[in-house]
Structures are given as structure tokens and as C-alpha cells.
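Biologist: Could you walk me through this one? I'd like to know what stands behind each word you use.

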Amino acid sequence: QVQLVESGGGLVQAGGSLRLSCAASGRTFSSYIMGWFRQAPGKEREIVARIRWSIGNPYYADSVKGRFTISRDNAKNTVYLQMNSLKPEDTAVYYCAASPGTYKYDYWGQGTQVTVFS
């Protein structure tokens, strides 16, 4: 059974940093694309960043480029989202998701809340 478990969310002042983790289990993800999404109240879910587990090649949404970094640790089967220079508009529930390479995300975590106050 595939499981994606996020952690690391919380309450942080604007300008601060958080690191989200996504622990993946239940299958081999070496060919997968791992993505971080977020959904703010009243807004649609949007992609924040994604990375190919095998080769890296990260992608970032324009809104987070230069502030967020996605990475993965193969030994720990974990994907990270380092978030720096956080802004109130980054407040959202952040989700980890896995795609078998088609950009259709088949597996989702439960989400972790990130709240940035000014």
C-alpha cells in the first residue's frame, strides 16, 4: 500500500523558513515524479514544485522560484521542500504527491498546514 506522509508544517513569521518532508513507502518510486502542491482557502490547488526521483530536474512555480528548493533523499525515500523567505501568501495546506511519470498524480499525502503571519 502506497503511503505519502508529510510533516514539517507550522506557524512561522514572514521572512522565516520551514522544511517540509514527505516520506514515501509501499513501492519503488525511482521512475516517479514527486510533486509538492498547495491549496489556500477559497483557491484551487496549485503545483509548487516537482522533481524526478531518478534524475532530479526540478521545476518550480514562478511564485516560489528562488525561495523554495525541492530535493530528495533516495536512501530515506523522502522528498523535501525547503521554504525560505516565506510570505503570508504562502499560507496553505501543502500536499505531497506522486506521479508514475505521466504528470497525473496517483498518490497523495494527507497534507500539512503552513501558516505565515506578518
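Modeller: From the N terminus on, the elements run β-β-β-β-β-β-β-β-β-β-β. Keep in mind that this is a predicted model, where local features need pLDDT of at least 70, side-chain atom pairs count only at pLDDT 80 or more, and totals for chains, interfaces and linings use all residues. Residues are numbered from 1 along each chain as its sequence is written, and side-chain values use heavy atoms, leaving out hydrogens and water.

Biologist: How do you know what counts as a strand or a helix here?

Modeller: Strands are DSSP runs of E with at least two residues, and helices are runs of H or I with at least four, numbered from the N terminus. By that rule the protein has 11 strands and 0 helices.

Biologist: What makes β3 and β8 a pair?

Modeller: Two strands pair if DSSP finds at least two bridges between them. Strand β3 (residues 18-25) and strand β8 (residues 78-83) have 6 bridges, in the antiparallel sense, so they qualify. For example, Leu20 has Leu81 in β8 as its bridge partner.

Biologist: Why are β1 and β7 said to stand at the edges?

Modeller: The open, antiparallel sheet of 4 strands has the order β1-β3-β8-β7. β1 (3-7) and β7 (68-73) each have a single partner strand, so one side of each lacks a neighbour in the sheet.

Biologist: How do you know whether the radius of gyration fits a compact globule?

Modeller: The rule is 2.2 Å times the number of residues to the power 0.38, and the radius is taken over C-alpha atoms. For 118 residues that gives a value near 13 Å; the protein has 13 Å, so the two agree.
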